[in-house]
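This briefing is meant to be read beside the sequence and the 3D view.

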Amino acid sequence: MTERADPAHLAPGPRLRYPLKAVHTRLRSLAWRARGGQAPGGPGFRILFYHRVSDGPRGPAVSPRRFCEQLDAIAAEGYRGVDVLTALDAAPGAVGLAFDGGYLDLPEHVLPELERHGFSATVFLATGRVAVRGGGHEFLSWDDVSRLDGGPLRFEAGTATYPNLLAVDDARAHEEIAGSKRELEERLGREVSVFCYPRGLFGEREVRLVAAAGYRAACTEDPGLNSGSTSPFRLHRIRVEPRDSLLDFRAKLDGGFDAPSRLRR
């Protein structure tokens with residue numbers, strides 16, 4: 001469980017962060033392949049998550065070409081890409097797919113590939129960011145969300161303003177968690193069942209508030225396999241990075257990144 005950010009003085013600068021992370025990821029992938037490239041035994045499912053799929057220069061975006069190759073790899077290995085709620089109910093052969101943020105490029109680059117494979121995915125929305133444009137962020141409008149929900153894309157809650165929940169008081173944390181569920185349900189006319197902790201930051205208080213709000217499950221950013229012993233309010237997810245090669249992606253898909261890296265620990 002991620003409850004505390006790394007000390008700031010240990011973090012590389014923004015220009016070095018992505019290249020260094022890519023090198024570290026490639027070394028882990030090569031080590032996984034050297035061990036035989038086999039998925040660890042035991043029943044369960046993994047959730048792979050993205051922020052954006054775009055050719056744009058800003059933010060942690062996977063290119064459309066790489067995203068296409070990645071979904072092809074999921075299908076080629078006999079998995080079914082599904083939204084988080086479906087993965088909870090149908091784990092064998094399922095791989096959860098999730099997108100954080102609700103960016104405007106989802107219908108252009110993500111939806112056609114999901115439809116091509118018959119896959120589905122969860123999109124976690126910060127309800128207060130819907131329709132926000134500018135500063136490198138372009139989010140879907142409420143009309144977009146209403147139109148897209150119920151097909152391959154299923155929208156779920158990720159707070160209202162995307163705060164660090166560990167840094168806000170009890171009343172604010174409650175409203176971010178329960179209020180975003182309430183607003184999204186009013187907009188969509190259906191139950192919202194899954195929550196996502198912003199930036200993967202949460203503690204025991206946040207777990208209690210999510211359960212009390214009536215969610216069925218919540219997603220973290222802690223990597224790993226979700227098995228029968230995994231709390232539904234602490235679901236593991238594995239981040240897909242912009243610089244991931246197909247080898248890196250296959251390693252993440254098949255268990256090579258289930259354990260946190262030494263750097264993360």
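In this predicted model, Phe195, Tyr197, Phe202 and Tyr215 come together as one aromatic cluster. Across the whole structure, a search finds seven aromatic pairs, and one of them, between Tyr50 and Phe99, is stacked, with 5.1 Å centre to centre and 15° between the planes. Because Tyr50 belongs to strand β1 and Phe99 to strand β5, that pair ties together parts lying 49 residues apart in sequence.

**Aromatic rings and charges over them**

- Within the pair formed by Phe195 and Tyr197, the arrangement is edge-to-face, with the centres 5.5 Å apart and 80° between the planes.
- Phe195 counts as buried at 0% relative accessibility, and Tyr197 is likewise buried, with a relative accessible area of 0%.
- Tyr215, a member of the cluster, has the charged end of Lys181 sitting over its ring, 5.6 Å from the centre.
- Elsewhere, Lys252 lies over the face of Phe257, at 5.4 Å from the ring centre.

- Strand β1, residues 46-50, is largely enclosed by the rest of the structure, because five of its five residues are buried.
- In a regular strand, side chains alternate between the two faces of the sheet.
- Both faces of β1 are covered, with Arg46, Leu48 and Tyr50 buried on one side and Ile47 and Phe49 buried on the other.
- Strand β5, residues 94-100, runs parallel to β1 and is joined to it by five bridges, and Phe99 in β5 is the bridge partner of Tyr50.

**The cavity**

- The structure holds one cavity of 30 Å³ or more, and the volume of the largest cavity is about 70 Å³.
- Residues lining the largest cavity include Asp100, Phe124, Leu125, Arg129, Tyr162, Cys196 and Tyr197, and Tyr197 also belongs to the aromatic cluster.
- By class, this lining has seven nonpolar, two polar and two charged residues.

- Leu201 and Ala167 are 34 residues apart in sequence, while their C-alpha atoms are 9.7 Å apart in space.

Conventions:
Residues are numbered from 1 along each chain as its sequence is written. Side-chain values use heavy atoms; hydrogens and water are left out. Buried means under 20% relative accessible area, exposed over 50%, partly exposed in between (1.4 Å probe, protein chains only). Helices (H or I, at least four residues) and strands (E, at least two) are DSSP runs, numbered from the N terminus. Two strands pair if DSSP finds at least two bridges between them. On a 1 Å grid over the protein atoms alone, a cavity is a set of points where a 1.4 Å probe fits but cannot get out, and a pocket is an open set with protein on both sides within 12 Å along at least five of seven lines; lining residues have an atom within 4 Å of a point. Grid points are joined across faces, edges and corners, and a volume is the space filled by probe spheres set on the points. Ala, Val, Leu, Ile, Met, Phe, Trp, Tyr, Cys and Pro count as nonpolar, Asp, Glu, Lys and Arg as charged, and the others, Gly among them, as polar. Rings of Phe, Tyr and Trp (its six-membered ring) pair if their centres lie within 6.5 Å; planes under 30 degrees apart count as stacked, over 60 as edge-to-face and the rest as tilted. A charge sits over a ring if NZ of Lys or CZ of Arg is within 6 Å of the ring centre and within 35 degrees of the ring normal.
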